[in-house]
Amino acid sequence: MFKSLLALALSLTLCSAISASELIEVKGKTLGRENHQFIYKDKNACKSCHVSGKKSTTDQACVDCHGTIDTIKIDPKNLVNSHANPHASVHYDTAISCIACHAEHEKKAPLCAECHRSWFKEM
Amino acid sequence: MRDRRSFLKFGAGVAIGSVAATIPAMASTNDCGPAIKWDETHDIIIIGSGFGGLSSAINIKRSGIKSVLVLEKMLQFGGNSAINGGWFAVPGNPIQVSEGVKDSPALLVQDQIAAGRGMASEEHLTAIANRALDAFNLCVDSGVRFREGFNMLVGGHSIARAVRTVDGTGGEITRNLYKVAKSEGVDLRNQQYVEDFIMENNKVIGLKVRRNFRYPDLTTGEIVFIKANKGVVVATGGFAMNKQLCKLLDPSIDPTMDCTNAKGATGEVTLTAMSHGALAVHMNMIQTGHWGSPDEGGFGWSNALLSITWHEGMVVSVLNGKRFMNERADRKYCSDRILANRYEDNSPAYPIAFFNYNDHPDDDRVVRALRDEMAWKMDSVEQMATKFNIDPKTLQESIDLHNKHVAERKDPLFDRVMDTAKHLAPPFVVSRIWPKVHYCMGGLKTDLGCRVIGSKNLEPMKNLYAVGEATGGVHGTTRLSSCACLEGLAGGFIVAETINSDNKV
């Protein structure tokens, strides 16, 4: 039930730009994404993503709500050039975790920016 | 958790990340009191998911071994291979055949032996070269596209034999092999950091793994023990990204040098294998390239851009506005001279390298370099002098002097061969240069069947295998370009046969 609620909330807030929702204080001093605010209202909020302890996580929760990388399209208008599409990367395609590029609690540049320095900004 | 905790004593006293501190005996079932509680069991565990790891996974699975697990420590699969340039040496490739070029594995090995300066292993190189067509076909059958009619002569080879992926990256190979491995039932997991091998005397029986590890924080994730009934394949690549280790092995590698590799190329599994008695060879043979740029990450566009500059352009020190080297000399000579450009505080004074923009306005090597701001179009000598903080008068004098040498087809300063040099006039394409660390020729010594050799008796260690850049003593002094892809992919075919024959005995 929680999952379907998440999915509903997300379908309302998804956007196609290479961008992330604003980083705001969501629980005490903890920063999180504005569109995830509803998650933080739950008393077991952390467990949504940190299943086995606070210091580890995978992208399972991301995929559960948002779907796999190949199903999330990025609007080409928002790309610096046609090669710069992290959701259709010639290096990784589907062989990559969401959290290689996306961060919930801090701003982060995508993995691609390690080499392609002028292509991406922190988000 | 309680069960696992009782085994954490294996790691007691072990400084995480400092593998030299591991004591092999502590991880052996013989000296540890209670038997290990394995969290799971597989037939084969492969560590690493680059060319070597993925080819091994597919080939081992296809050979009939049921449970094959691939452990990748990073968030992404493909290792350093995923950001490789997609050049692949294939003697006897279809383009050579259609063009009537005569080539063979033996001819490739001949070129590699010359580059190895007496330190290469002809037998290993031959075993690998003999699987080149198998490896090429594996790629094609897995959905990798190679450029039509494209078969190039690349550095050090005597003949055109390097094909290249359409996307210009080894990622086209790894991303497709990943999908094939997955569809054929290989269990591929990311965020899995191998902390230690579990040994039974000379035999590896499993791994201590930090599951859900978040690179590079070794306090993340949780420890699990995974049993490997039929063997462990080390396919972890090189250690060029491990500055501490590179410095210990080769003091000539300057700490200001960046590296072309993916961040995960740090070699701790090689060190773990060594701590359990594996023999490592040629560890100080670390390939560097003088063609790097400080203004991009990875291998980048610099090498391709400089293939124009070395011939048609010139290189100038920002310290005095003058040339300081023969732009067409070899890697070692150029590296040494470039690295000598230092400010008083010893920080790098990146030299500038430039050629005429108007000679190559539409060349892809130029277009992408300018687009990605690792090179700049400078419309005048003054503009260039200002941007790179050089005295404009001296810079103009250096260009004038060089142009005189170009006209005379003679370089009295550095004895450069001037047949391809061009009269230089703005606008220029300008980039900055600084050498980068690139490839590790050294690693675990294996027999011809990819079995890791033990240092105790120089015999193969039981159930421990290695493929690709993680191995050492194959190439000798210099690995030729387009041969890393071949080595990793071919290794997968060889190791699958070995594992099957070892398990028949």
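Because the model is predicted, local features need pLDDT of at least 70 and side-chain atom pairs count only at pLDDT 80 or more, whereas totals for chains, interfaces and linings use all residues. Residues are numbered from 1 along each chain as its sequence is written, chains are lettered from A in the order in which they are written, and side-chain values use heavy atoms, with hydrogens and water left out.

The secondary structure of chain A comprises three helices and two strands, where helices (H or I, at least four residues) and strands (E, at least two) are DSSP runs numbered from the N terminus. Along the sequence these elements follow the pattern α-β-β-α-α. Of the 123 residues in chain A, 36% are buried; here buried means under 20% relative accessible area, exposed means over 50%, and partly exposed lies in between, with a 1.4 Å probe and protein chains only. The chain exposes about 7,500 Å², of which carbon and sulfur atoms supply 58%, the accessible areas coming from the Shrake-Rupley method with a 1.4 Å probe and, for residues, with only the protein chains shown counted as cover. Among contacts (heavy atoms within 4.5 Å) in chain A between residues at least 6 apart in sequence, 49% join residues at least 24 apart.

The contact between the chains takes 26 residues from chain A and 33 residues from chain B. Together the two chains bury about 2,300 Å², with 52% of this area on carbon and sulfur atoms; buried area is the accessible area (1.4 Å probe) that two parts lose on being put together, summed over both. On the side of chain A, the residues that lose the most area to chain B are A:Lys55, A:Val90 and A:His91, which together account for 22% of what that side buries. Four salt bridges are found across the interface, a salt bridge being a side-chain nitrogen of Lys or Arg within 4 Å of a carboxyl oxygen of Asp or Glu. B:Lys179 forms a salt bridge with A:Asp93, in which the closest N and O atoms are 2.6 Å apart. A:Asp93 is found in the segment after helix H3 (60-66) of chain A, and this residue counts as buried because its relative accessible area is 17%. The phi of A:Asp93 is near 50 degrees, a positive value in a residue other than glycine.

In chain B, helix H9 (residues 268-275) is mostly covered, with six of its eight residues buried.

B:Val144 counts as buried because its relative accessibility is 4%, whereas B:Arg145, at 40%, counts as partly exposed. The C-alpha atom of B:Val144 is separated by 6.2 Å from that of B:Glu172, 28 residues apart along the chain, and the C-alpha atoms of B:Arg145 and B:Glu172, 27 residues apart, are separated by 8.0 Å. Leaving aside neighbours within four places in sequence, B:Val144 is in contact with B:Cys139, B:Thr165, B:Glu172, B:Ile173 and B:Asn176. With residues up to four places away likewise not counted, B:Arg145 touches residues including B:Arg164, B:Asp167 and B:Arg175.

Backbone geometry can be considered next. Most residues other than glycine have a negative phi, and most peptide bonds are trans. Against this background, a cis peptide bond joins B:Tyr215 and B:Pro216, with omega about -5 degrees, and another cis peptide bond joins B:Pro426 and B:Pro427, with omega about 0 degrees. B:Pro216 is placed in the loop between strand E7 (203-211) and E8, while B:Pro427 is found in the loop between helix H14 (392-408) and strand E15 (428-432). B:Arg117 has a positive phi near 50 degrees, and this residue counts as exposed because its relative accessible area is 58%.
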